[in-house]
Amino acid sequence: QVQLVESGGGSMQAGGSLRLSCAVSGGNIGDYDMGWFRQSPGKEREFVAAISWSANFREYVDSAKGRFDISRDISKNTVFLQMNDLGPDDTAVYYCNRVRWGAWEALFRSWGQGTQVTVFS
């Protein structure tokens, strides 16, 4: 069974940067399209970014384009999300998961604990 462990969140003032990490065990990220999702209080979990299994393609939600960058390290079986120019609307718990390319929906039934990102103005 695949396990996902997210880390790297924190609290910061608007305009700052964070790098989130997602350590994956029980599966090889080189075999999967992987993505990041987030959930804000009172809202449904939403897709944020994805990287294809080959790492040749990346996709972002419109609000993240130009600010966020998804990457991976095969040797560490870890997926990253570099987030720049953060704003209060980015406040959420961030999760990673395998993603269905094009539909931008999560495929693993189990989620990690997520990592909290709080941005204040």
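1. Strands are DSSP runs of type E with at least two residues, and helices are runs of H or I with at least four residues, numbered from the N terminus. By this assignment, Arg-19 lies in strand 3. The model is a predicted one: local features need pLDDT of at least 70, side-chain atom pairs count only at pLDDT 80 or more, and totals for chains, interfaces and linings use all residues. Residue numbers start from 1 along each chain as its sequence is written, and side-chain values use heavy atoms, with hydrogens and water left out.

2. Arg-19 has a relative accessible area of 47% and is therefore partly exposed; the class lies between buried (under 20%) and exposed (over 50%), using a 1.4 Å probe and protein chains only. Apart from neighbours within four places in sequence, Arg-19 is in contact with Ser-7, Gly-8, Phe-80, Leu-81 and Gln-82, contact meaning heavy atoms within 4.5 Å. From Arg-19 to Phe-68 the C-alpha separation is 9.4 Å, at 49 residues apart in sequence.

3. An open sheet comprises four strands in the order 1-3-8-7, with antiparallel pairing; two strands pair if DSSP finds at least two bridges between them. Strand 1 (3–7) and strand 7 (68–73) are at the edges with a single partner strand each, so one side of each has no neighbour in the sheet. From one strand to the next, the twist averages 15°, where axes are lines fitted to C-alpha atoms (for helices, over the stretch in contact) and angles run from 0 to 180 degrees between N-to-C directions.

4. Within this sheet, strand 3 pairs with strand 8 (residues 78–83) in the antiparallel sense over six bridges. The bridge partner of Cys-22 in strand 8 is Val-79.

5. Met-12 is part of strand 2 (residues 10–13) and counts as buried because its relative accessibility is 16%. The C-alpha atoms of Met-12 and Phe-120 are 6.3 Å apart, although 108 residues separate the two along the chain. Phe-120 is also among the residues that Met-12 touches beyond four places in sequence, including Leu-18, Leu-86 and Val-119.

6. Asp-33 occupies the loop between strand 3 (18–25) and strand 4 (34–39). Asp-33 is buried yet has no salt bridge, the nearest side chain of opposite charge being Arg-98 at 6.7 Å. A salt bridge requires a side-chain nitrogen of Lys or Arg within 4 Å of a carboxyl oxygen of Asp or Glu; Lys and Arg count as positive, Asp and Glu as negative, and His and the chain ends are not counted. The side chain of Asp-33 does reach the backbone nitrogen of Trp-53, at 2.7 Å.

Definitions and conventions:
A polar contact is a pair of N or O atoms within 3.5 Å; within protein, one must be able to donate a hydrogen and the other to accept it, and residues adjacent in sequence count only if both atoms are side-chain atoms.
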